[in-house]
Amino acid sequence: MANIPHLNGGQVRSFRMPAEFWLRRADRYREQNDPIRAASLLRHACRMEPNDPELTLEYALQLRELCCYEASNRECFDLLARKPSAFLAFGMLTLNLLSLGKQGEAMDAYSIYNQYTQAYPDHLPEWDDDIYFAEEALLPSSDSKQYIRLHSLLTAAARRIQRGDLEGAKRALTRSTGKPFPRKVAQRDALMAVYEHHAGNDAKAAEQALTAIKNAPRNPGLLLPMGALLWELKHPAAYSALLRAALYVSAPEDEAGVCELAVQMAHQKIAVSMLQKTLKISPNRMSAVFNLCVFKLRAGEFEEASQLIHRLREIDPEDLSVERLFSAVCALEKEKPSKAQIAAAGESQPFYGVLSPEQEAESVDICLTLAQQGMDGFAATLMEDRRMYKRFIDLLHTRGELFILLPTVCGALETTQAEILLRRLMLRGPADWNGVMITARLMTQIGLKPPHLVRFGGRITMIDPDAPPEATPSFLQKVALLRLKKTARLCKDALPLAMHVIARLPEHDLLRMAGDQQDVWPYAFAQAYAKQTARHETLYWEAMLENDRREAYQAAQAAIAKALQKGGKQHGTH
């Protein structure tokens, strides 16, 4: 780094001062309520000491206070790639991911953070109180089991709609409307609207979309797709859905969705008003400043757009989306274009967090051109140019076909550099499962012991590429488990006998138990146990059965008796 001077109160100080000096200066700017200058100095200190976890987390905290949640996450993931033992980063990730609306990833980060803080209670950061207050949004509710079952059904229905299996989607949706699931579920109503639209029933689709909006009037993640569907159906309620989404938006992803839908519906003023309101509350919120800059460009208001992009550069100059927009604005400054040319240039700029096809193609061309010139040179460029490094990782996050480059790139790097690159890629999230497995196997090959931490499919989890696949229970095993659960509710002491019998039932009796629509086998297990232990509960079990179930009940009793004769009475050990 060049020995660049820093002017302060008439004194010239070199930027080669130690990191502790810049940390103290940042604290002073915090006290003076100048968070952007504090973040700039903390960033400089972090680049001087990249392996200092406390310094990096201090910078990540400052970015979070500026509402730059994505940038704060970037610093935390960079830290975990260099120092996997820096578990406090998971606490910061928990807060950031919640602010970004990524509930699943936030729960995973919280579970890792909570596990380590219980083992090391003396290492809690000052901002641990914020995580404590966030626990209510993370801890499962009392009906979490029911919610998980419903979520699984809705996920299956969504996947079936996506691949065109409308009959399968209808079965899953119909099942989700029965007991024990609640009557009003907005996500289910939204999926039904999508299903009816794909099935060609536009009137029913509109009706279901309106029901979904009624059941979740403050959920932008649901209001936006329902608004887009109603707009496609030319229903006037699309406008109210857009307005509601703009009113209750919180996550940057939803913010970009409001901007996209507003442009689609030619109501950009709604999105601009939303962004201006957001910036009144959080003046330095990265996504809002960025999106407002794009709107200003599209309106031909170049001077205001230029001020906004320079403000973004001051907040976080390492954000690639900001860098692309800044380059476009600088190019316009040199050309001195007309208002129409400015608006045309703004139309080609995507909103925050979205990469346009042209920008992605440009990044691919840059990487492939460097790779064709030689992998040693490409690897050296990645280590020297932070932007190129991030560009490469971002491409592997979206383009699975580029993983063909990864083994050669890792071979051209030193072992430590390859380890950091692979960890960082796993924490960014490979483009597909094939990319996850390639990265995980490369990590194992260079000496990193599995399991490896990976961020994929909306979760943060561990993966061992060489672990044998988990055994999948058969249909009969799943049915047997259901019968055992019902038996335990009737008489917990009868479980050993029931397990003993099921292990010795012939196949035709197992199939009969699987098809037990009258639910008599648990009662038969309980009565068999009562007889063997000379307990006086036989009449009680039989009294619970209606007359039309007696025949099936007696057949189950006969099958259980045969199994007991076959295997003896030593059922307590099974």
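# A walk through the predicted model

A search of the whole structure, which is a predicted model, finds 8 aromatic pairs. One of them joins Phe21 and Trp22. Their ring centres are 4.7 Å apart and their planes stand at 80 degrees, so this pair is edge-to-face. A pair of aromatic rings is described by the distance of the centres and the angle of the planes. Both partners are hidden from the surface. Phe21 counts as buried because its relative accessibility is 11%. Trp22 is buried too, because its relative accessibility is 0%. The cut-off for buried is under 20%.

Trp231 and Tyr239 form another aromatic pair. Here the centres are 5.8 Å apart, and the angle between the planes is 80 degrees. This pair is also edge-to-face. Trp231 has 26% relative accessibility, so it counts as partly exposed. Tyr239 has a relative accessible area of 33%, so it is partly exposed as well.

Phi of Lys234 is near 60 degrees, a positive value in a residue other than glycine. Is Lys234 buried or exposed? Lys234 is exposed, because its relative accessible area is 75%.

Cys67 sits in the loop between helix H3 (53-65) and helix H4 (69-82). With 13% relative accessibility, Cys67 counts as buried.

Next come the cysteines. A disulfide is a covalent bond between the sulfur atoms of two cysteines. How many disulfides does the model contain? The count comes to 0. Take Cys46. The closest cysteine sulfur belongs to Cys76 and lies 11 Å away, so the two are too far apart for a bond. The cut-off for a disulfide is 2.5 Å between the sulfur atoms. Cys46 is buried, because its relative accessibility is 1%. Cys293 is in no disulfide either. Its nearest cysteine sulfur, that of Cys330, is 11 Å away. Cys293 has 0% relative accessibility, so it counts as buried.

Now turn to the loop between helix H17 (302-315) and helix H18 (320-335), the place of Glu318. Glu318 is buried, because its relative accessible area is 14%. Which residues does Glu318 touch, leaving aside its neighbours within four places in sequence? It is in contact with Arg43, Arg47, Arg74, Glu75, Arg386 and Lys390. With Arg386 there is a polar contact, side chain to side chain, at 3.3 Å.

Pro317 is found in the loop between H17 and H18 too. A relative accessible area of 16% is why Pro317 counts as buried. Its contacts, leaving aside neighbours within four places in sequence, are Arg43, Leu312, Glu323 and Arg387. Pro317 and Ser40 are 277 residues apart in sequence, but their C-alpha atoms are 9.3 Å apart in space.

A charge meets a ring at Arg313 and Phe326. The charged end of Arg313 sits over the ring of Phe326, 4.3 Å from its centre.

Pro451 lies in the loop between helix H25 (433-445) and strand S3. The peptide bond that joins Pro450 and Pro451 is cis, with omega at about 5 degrees. Strand S3 (residues 452-456) then runs antiparallel to strand S4 (residues 459-463), and 5 bridges join them. Which residue in S4 is the bridge partner of His452? It is Ile463. Phe456 has Arg459 as its bridge partner in S4. The hairpin of S3 and S4 has 2 residues between the strands. Gly457 in this hairpin takes a positive phi near 65 degrees. In a regular strand the side chains alternate between the two faces of the sheet.

How values were computed. Residues are numbered from 1 along each chain as its sequence is written. This is a predicted model: local features need pLDDT of at least 70, side-chain atom pairs count only at pLDDT 80 or more; totals for chains, interfaces and linings use all residues. Side-chain values use heavy atoms; hydrogens and water are left out. Rings of Phe, Tyr and Trp (its six-membered ring) pair if their centres lie within 6.5 Å; planes under 30 degrees apart count as stacked, over 60 as edge-to-face and the rest as tilted. Buried means under 20% relative accessible area, exposed over 50%, partly exposed in between (1.4 Å probe, protein chains only). A charge sits over a ring if NZ of Lys or CZ of Arg is within 6 Å of the ring centre and within 35 degrees of the ring normal. Two strands pair if DSSP finds at least two bridges between them. Helices (H or I, at least four residues) and strands (E, at least two) are DSSP runs, numbered from the N terminus. A polar contact is a pair of N or O atoms within 3.5 Å; within protein, one must be able to donate a hydrogen and the other to accept it, and residues adjacent in sequence count only if both atoms are side-chain atoms. Contact means heavy atoms within 4.5 Å.
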